[in-house]
Amino acid sequence: MARRITKEEKEERIKSLVAAILAEEEAEGLEARQETIDDIEGAMIRIGDAVAREVGVQKLARHTGGASGPHPCPHCGRAGVYLKTCPRELISSRGKVPLADAKYYCPKCRRNFFPSDEPVGD
Ligand SMILES: [Zn+2]
């Protein structure tokens, strides 16, 4: 089993990620010379939202990505046939999260379904 990362290691990774983002933004000149408290709060929200969206993208990809079957039909339980992957968007309180959603077809029920519409479990 993989070793769990400690709370301190997680904080350390977030610190380095944020430091890297801030350094890049400063290099791009996105931050004003004389920052106000409002500018700083704006950056907290902007970067925080970007990180939150990326968490959504990566977690959702595990549930929606490609022909990762078998996926049972939500009505009859038979294995669905993978059709294609469609671009969709999840509207979250942190903004839109793009996702590539796999679409399946049940030959018995003659209907399409998205496995991602089912409860994701944990
Ligand atoms: Zn079915």
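User: Helices here are DSSP runs of H or I, at least four residues, numbered from the N terminus. Just after helix 1, which residue takes a positive phi?

Analyst: This is a predicted model. Helix 1 covers residues 7-28. Just after it, a phi of about 75° is taken by Gly29.

User: How many residues of helix 1 are buried?

Analyst: Helix 1 has 22 residues. A buried residue needs 20 or more other C-beta atoms within 10 Å of its own. Helix 1 lies largely in the open, because its count of buried residues is zero.

User: What span does helix 1 reach from its first C-alpha to its last?

Analyst: At 1.5 Å a residue, 32 Å is expected for helix 1. The model comes close to that, with a reach of 32 Å.

User: Is Ile47 buried, partly exposed or exposed?

Analyst: Ile47 sits in helix 2, residues 37-64. Burial takes 20 or more neighbours, and exposure 12 or fewer. Ile47 has 15 C-beta neighbours inside 10 Å, so it counts as partly exposed.

User: Which element gives the largest share of the largest nonpolar core?

Analyst: That core has five residues: Cys73, Ala102, Tyr104, Cys106 and Phe113. Three of them come from residues 95-106, which form strand 2.

Note on methods: Residues numbered from 1 in each chain as written. Predicted model: local features only at pLDDT ≥ 70, side-chain atom pairs only at ≥ 80, totals over all residues. Core = buried A, V, L, I, M, F, W, Y, C linked by C-beta atoms within 7 Å. Helix = DSSP H or I, 4+ residues; strand = E, 2+ residues; numbered from the N terminus. Expected span 1.5 Å × (residues − 1).
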